[in-house]
Every structure is written in C-alpha cells, then in structure tokens.
Amino acid sequence: MSLTVERVLVPVDGSDESLTAVEYAVAVAKRYGAQVHAVYVLGEEVVRAIEEEMIDQSEVAEDTEAFTDTVRDLAHAEGVEVSSSIAYGFSTKRKTTHPGSVILDTAEDIDADFIVIPREPLTGEPGEVLEKAAEYVLLYASQPVLSV
C-alpha cells in the first residue's frame with residue numbers, strides 16, 4: 001500500500017525551527033504533488049495580550065503575514081501550492097485549547113494527509129509555542145507525522 005498525500009500541514013510560530021519544518025513540508029509536498037497548509041499558532045502570551053488589548057490584532061497579523069510570506073516564497077520556489085491560517089494556541093475560556101489540540105483540529109478541518117511539526121529545543125524561553133505541541137501531535141495524530 002502506497003502513501004497518498006494531497007495536503008501537508010505544517011504548524012509554525014515564527015521561529016527558525018518552524019521555518020526548517022516548512023522546508024521539510026515543502027519537500028514532502030513536492031514529492032507527492034501535494035499542497036502545503038501553514039497554520040501560524042499564536043502562543044499564550046500573545047493571545048492574552050490581544051484579549052487584554054495590550055497589543056493590537058493588526059500588529060500581530062502583520063507579523064504573522066510577514067512570516068507566511070516567507071513560507072509562500074519557499075513553497076513557490078519549489079512549485080508547491082500553499083495556503084495559510086492563524087490559530088490561537090491558547091484560550092482563557094476553553095481549558096482544552098492548547099497548541100497540540102489546535103494543530104490536530106486544523107489537520108482535521110483541512111483534511112491533512114501528513115503533518116510536519118518542528119520539535120523545538122526545550123530552552124525554557126517564552127514564545128516557543130510549538131515545543132510542547134510536538135509530543136502531543138506525535139501521540140494523537142491520525143496522520144503520519146514527521147517531527148523535525
């Protein structure tokens with residue numbers, strides 16, 4: 001039985017590690033003639049700042065758009081079609097919302113066949129949204145997962 005891949009999901013958070021994951025996702029998509037979907041996962045600090053109106057949503061949108069432009073450039077250079085979205089990886093209203101669950105929900109919503117997730121080093125620095133999500137996705141994803 002051969003693997004059929006039409007859509008590759010790659011969660012990103014603006015880090016160098018997530019950009020490396022994008023490169024792998026593009027390579028997988030190119031190999032299978034698939035599309036890439038990059039979901040930018042916002043971390044707890046950013047979500048709280050938005051909710052408390054300490055940071056403007058348009059500013060966050062500009063930052064994420066700049067990163068997704070880089071993702072688009074990488075994909076288009078390899079002839080791979082790409083789409084993107086933004087998701088809150090944390091909620092002050094729903095305890096079950098965390099980066100891992102958001103990634104798996106996105107995978108289901110876009111009908112992803114494959115997930116490439118960065119496995120960031122556990123440095124303890126704030127802002128590394130995806131470091132804890134990788135283990136969760138590896139454990140619970142129904143799709144094949146490449147952790148890089």
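The model is predicted: local features need pLDDT of at least 70, side-chain atom pairs count only at pLDDT 80 or more, and totals for chains, interfaces and linings use all residues. Residues are numbered from 1 along each chain as its sequence is written, and side-chain values use heavy atoms, with hydrogens and water left out.

S4 (residues 114-117) and S5 (residues 145-147) pair in the parallel sense over three bridges; pairing requires at least two DSSP bridges between two strands. Strands are DSSP runs of E with at least two residues, helices are runs of H or I with at least four, and both are numbered from the N terminus. S4 is also joined to strand S1 (residues 7-12), in parallel, by two bridges, and Leu9 stands opposite Ile115.

In a regular strand the side chains alternate between the two faces of the sheet. In S4, Phe114 and Val116 on one side and Ile115 and Ile117 on the other are all buried (buried means under 20% relative accessible area, exposed over 50%, partly exposed in between, with a 1.4 Å probe and protein chains only).

## The whole sheet

The five strands form an open, parallel sheet in the order S3-S2-S1-S4-S5. Strand S3 (82-88) and S5 stand at the edges with a single partner strand each, so one side of each lacks a neighbour in the sheet.

## A loop residue

Gly33 lies in the loop between helix H1 (16-32) and strand S2 (35-42). Gly33 is exposed, with a relative accessible area of 68%.
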